[in-house]
Amino acid sequence: MYGLVNKAIQDMVCNRFGEETWKEIKHKAEVDVDVFLSMEGYPDDMTHKLVKAASVVLSLSPKQIMQAFGEFWVQYTAQEGYGEMMDMSGDTLPEFLENLDNLHARVGVSFPKLQPPSFECTDMEENSLSLHYRSDREGLTPMILGLVKGLGTRFDTEVHITQTQSRDEGAEHDEFLVIYKPN
Ligand SMILES: O=C(O)CCCCN(CCc1ccccc1OCc1ccc(-c2ccc(Oc3ccccc3)cc2)cc1)Cc1ccc(C(=O)O)cc1
């Protein structure tokens, strides 16, 4: 995973809980990286250890941590220089979700170590769609719930997302029902 992800986790923890808490989480995760370099590749396991340690230190479930991080990621990347790229990916929540694979393809051109997941939208209705999430990574599904919530904030759109299929329960990929209503 690119360092930008671990840097975003650090910023979220520092903004909300302070430097000391972040140091405690890094120590518990046995991660002794002083500064995460955004464009450096880090082992996915490091991200999972940081999430697990944050869950213990903050007394929140890993699912809650990943969901909060997904929501934070949308505003973080927009302010960290990916705002225009995201603006080009759609003016509404459904449009953005439909263009997410193109967004990743654009990022991947400049950053070849990117291993993006794939998102597909089906059953598009006026105020709902089915979002299919396929990834080579395990265990990040709760982040998707937060990412879609973060997009609701970005597009000033009320959004409800429920998981309708789960890899953990034997499905080929995770699937979500996304219901949205622009404010
Ligand atoms: O792998 C999984 O199964 C779950 C990953 C969920 C995280 N994605 C979130 C995608 C997303 C969903 C909803 C709304 C916005 C989203 O992201 C927008 C986005 C996507 C990628 C980047 C990005 C940009 C540069 C990157 O790497 C850098 C950074 C600085 C300098 C050089 C390279 C890495 C990701 C920025 C915004 C983004 C992503 C982040 C990192 C990677 C990766 O390192 O492979 C792949 C995808």
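These legends describe close-up views of a predicted model.

The model is predicted: local features need pLDDT of at least 70, side-chain atom pairs count only at pLDDT 80 or more, and totals for chains, interfaces and linings use all residues. Residues are numbered from 1 along each chain as its sequence is written, and side-chain values use heavy atoms, with hydrogens and water left out.

**View 1. Domain 1 and domain 2.** The protein chain is divided into domain 1 (3-60) and domain 2 (90-182). These bounds come from an automatic or database domain assignment. The C-alpha centres of the two domains lie 24 Å apart. In contact terms, 5 residues of domain 1 meet 5 residues of domain 2. Contact means heavy atoms within 4.5 Å.

**View 2. The largest pocket, between the domains.** Both domain 1 (3-60) and domain 2 (90-182) give residues to the lining of the largest pocket, so the pocket lies between them. A pocket is an open set of points on a 1 Å grid over the protein atoms alone, with protein on both sides within 12 Å along at least five of seven lines; lining residues have an atom within 4 Å of a point. The volume is about 760 Å³. Here a volume is the space filled by probe spheres set on the points, and grid points are joined across faces, edges and corners. The lining counts 35 residues; Val-5, Trp-73, Thr-77, His-104 and Leu-114 lie nearest the pocket centre. Elements that each supply at least two lining residues are α1, α4, α5 (93-98), α6 (100-110), β2 and α7. Helices (H or I, at least four residues) and strands (E, at least two) are DSSP runs, numbered from the N terminus. The largest share, 6 residues, comes from α4. By class, the lining of the largest pocket has 28 nonpolar, 5 polar and 2 charged residues. Nonpolar covers Ala, Val, Leu, Ile, Met, Phe, Trp, Tyr, Cys and Pro; charged covers Asp, Glu, Lys and Arg; the others, Gly among them, are polar.

View 3. The model has 1 cavity of 30 Å³ or more. A cavity is a set of grid points where a 1.4 Å probe fits but cannot get out. About 40 Å³ of space lies inside the largest cavity. α1 (3-17), α3 (44-58) and α4 (62-87) each supply at least two lining residues. α3 gives the most, with 4 residues. The lining consists of Ile-9, Met-12, Val-13, Leu-50, Val-51, Ala-54, Leu-58, Ile-65 and Phe-69. These are 9 nonpolar residues, with no polar and no charged ones.

View 4. 4 strands form an open antiparallel sheet in the order β1-β2-β4-β3. β1 (118-122) and β3 (157-165) are the edge strands, each pairing on one side only. Neighbouring strands are turned by 25° against each other on average, direction ignored. Helix α7 (141-154) packs on the sheet and touches β1, β2 (128-134), β3 and β4. The direction of α7 makes about 160° with that of β3. Axes are lines fitted to C-alpha atoms, for helices over the stretch in contact; angles run from 0 to 180 degrees between N-to-C directions.

**View 5. The partners of β4.** β4 (174-182) pairs with β3 in the antiparallel sense over 8 bridges. Two strands pair if DSSP finds at least two bridges between them. Glu-158 has Lys-181 of β4 as its bridge partner. Thr-157 stands opposite Pro-182 in β4. β2 and β4 are also antiparallel, over 6 bridges. Leu-177 in β4 is the bridge partner of Ser-130.
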